[in-house]
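Please read them with the model open.

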Amino acid sequence: MNKYIKFTILAVVIVVAFVGIKVLYDNLAKDYTPESQIVVENESQGYVEETVDREDTTEVTTSTEEQQTTQAKSQSEEDKAFDFTVVDASGNTVALYDKLGKPIVVNFWASWCNPCKSELPDFQLAYEECGNDVEFMMVNLTDGRRETVDGASGFINAQGYTFPVYYDVNQEGAMAYYVVSIPTTYFIDSNGYIVAYAQGMIDYDTLMKGISMIK
């Protein structure tokens, strides 16, 4: 009888403990906000805010010039965006380097990828707001089997998207950027340097944060 009572008490304690853990987890989950998925390619390009006296204006100017020189040197060839060629819906060849001179957003996607489809409305909205100042290259991973030009373009037309779509029929873009999962987004400045990138689905705010880094 004593063994039965001890077993019953132990079982009750375990159940109460699990319930307590679940309640704690739920409360913490409500307050949890995931961090931005954007990865800054070159941390030295960030801004440093300093507090100075007005008397030190000349000194500050010199310091700023030195900082700009340091930042310029920090942009190595490792940060340079890789060039690749894709085709548009008409079959015309387009290269990434053709877009240099403006900031560029490169997004790798496919119509069979649910996370890709979920973020496309935010890319459409960003394109409508920033399309005059920023080049958008929505690169479809067109392998000819699971994804075709006709299938992908049909999806785009059906959804009413107007951002520029390009088809990576030879997998040049995917190989150049080692794309192993989609969606993947790169943020490239007007000089052709990768400033940041994001792997996985991003929302409108995160997308605009990336664009602000290259404008």
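1. Start with phenylalanine 136. This is a predicted model, and in it phenylalanine 136 has 1% relative accessibility, so the residue counts as buried. The cut-off for buried is under 20%.

2. Phenylalanine 136 has an aromatic partner, tyrosine 127. Their rings lie 5.6 Å centre to centre, with 85 degrees between the planes. That makes the pair edge-to-face, because the planes are over 60 degrees apart. Tyrosine 127 has 23% relative accessibility and therefore counts as partly exposed.

3. How many aromatic pairs does the structure hold? The count is 10. Ring pairs also build a cluster, whose members are Phe82, Phe84, Phe108, Tyr177, Tyr186 and Tyr197.

4. Two charged ends sit over rings. Lysine 80 places its charged end over the ring of tyrosine 193, 4.8 Å from the ring centre. For arginine 146 the ring is that of tryptophan 112, and the distance from its centre is 3.8 Å.

5. Now the cysteines. The structure holds 1 disulfide. Its partners are cysteine 113 and cysteine 116, with an S to S distance of 2.5 Å. Please check that value: the cut-off for a disulfide is within 2.5 Å. The torsion about the S-S bond is about 80 degrees, so the disulfide is right-handed.

6. Are cysteine 113 and cysteine 116 buried or exposed? Both are buried. Cysteine 130 is buried too, because its relative accessible area is 4%, and the cut-off is under 20%.

Definitions and conventions:
Residues numbered from 1 in each chain as written. Predicted model: local features only at pLDDT ≥ 70, side-chain atom pairs only at ≥ 80, totals over all residues. Heavy atoms only, no water. Phe/Tyr/Trp six-rings, centres within 6.5 Å; stacked < 30°, edge-to-face > 60°. Buried < 20%, exposed > 50% of the residue type's maximum accessible area, 1.4 Å probe, protein only. Lys NZ or Arg CZ within 6 Å of the ring centre and 35° of its normal.
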